[in-house]
Amino acid sequence: MKPKVYIDGQSGTTGLQIRERLEKRSDIELLRIDEDKRHDSAERKKFLNAADVAFLCLPDDGAREAAAMVENPDTCIIDASTAHRTAEGWTYGFPELSGEQRAAIQASRRIANPGCHATGLISSTAPLVRMGILPADYPLTCFSLTGYSGGGKKMIAEYEAPERDGRLASGRLYALTQKHKHLPEMVKVCGLAHPPVFVPVVEDFYKGMATTILLQSALLAKPVTGQELRDALAEYYAGQRFVTVAPYGGDEPVLFASTLAGTNRLRLVVAGNDGQITVTALFDNLGKGASGAAVQNMNLVLGFDEGAGLE
């Protein structure tokens, strides 16, 4: 019998992307609610409890409400919102962090899918903290470029409007009060003593991300060169399918945020010199940064090949 999968909130950007990845597959049964009952709580509850895996692609309050509707102990919830990323009893859905993290996801019935900017920072920072290279109290700074699809339907419409604001052709810095919603998960998952100074930037392209941390080697817990830091990350992620590390300096002398758009892959690029080092995560904000990661987590829970429907 095929596992039943339901997407609550399938009309949003992430929900649509998850559905696009799943509707081509023959190894699951995708449950479909009637269009006129998408906001009917009783009908949604029925579908949520009938599913082996339920994706929540909703605003935070809606995700909390939907999670409370699930009474079936066998239903696994994968929440794509921010609501449960630091909540007790929820497993953080980044399997590449460790073998223990992957095993925890496989056994969990409550999985919080990572945020897109958080995925970029955590992929570089968490291993460095865990390996004792980056002190937990390091004065970390980060900037993160993202395609405009990360802002959802409203932002997509804004950027694609025929008579849009001409300023949208340039970079758009936001969350300038240092209260971005991904900061709490960054701190918790990386084990940081305090939040990084974080600057997210929306750029005039549809999807793709480049999330960069900036390091002063003299302030690291271990004196390492840029090459040594790169090699440490490569060893940490050795054998991983979706997270890889480029040769020191990168695959080419420049980086483009859209390089891995349309994939579920993330590639770390270490560059700089022995005094100042940058680590950039290149990935797709809708792939490894959202819906691709959610499907990867579903595959783990259901015992499928981890890359099913993603390659």
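S81 sits in the loop between β4 (76–79) and β5 (91–92); helices (H or I, at least four residues) and strands (E, at least two) are DSSP runs, numbered from the N terminus. This is a predicted model, in which local features need pLDDT of at least 70 and side-chain atom pairs count only at pLDDT 80 or more, while totals for chains, interfaces and linings use all residues. Residues are numbered from 1 along each chain as its sequence is written, and side-chain values use heavy atoms, leaving out hydrogens and water.

**Around S81**

- With a relative accessible area of 5%, S81 is buried (under 20% relative accessible area, 1.4 Å probe, protein chains only).
- Leaving aside residues up to four places away in sequence, S81 touches L56, L58, P59, D60, A63 and N113 (contact means heavy atoms within 4.5 Å).
- The S81 side chain also reaches the backbone nitrogen of A83, at 3.0 Å.

**Helices α2 and α3**

- Helix α2 (residues 41–50) packs with helix α3 (residues 60–69) at an angle of about 65°, and their axes are 9 Å apart (axes are lines fitted to C-alpha atoms over the stretch in contact, and angles run from 0 to 180 degrees between N-to-C directions).
- From α2, S41, R44, K45, L48 and N49 meet G62, E65, A66 and M69 of α3.

**Helix α8**

- G226, L229, R230, A232 and L233 are buried in helix α8 (residues 226–236).
- They lie on the same side of α8, because they cover an arc of only 160° around the axis (taken from the directions from the helix axis to the C-beta atoms).
- Packing against these buried residues of α8 are α5 (116–130), β10 (209–216), β11 (243–245), β12 (266–272) and β13 (276–283).

Definitions and conventions:
Buried < 20%, exposed > 50% of the residue type's maximum accessible area, 1.4 Å probe, protein only. Polar contact = N/O pair within 3.5 Å; in protein donor to acceptor, adjacent residues only side chain to side chain.
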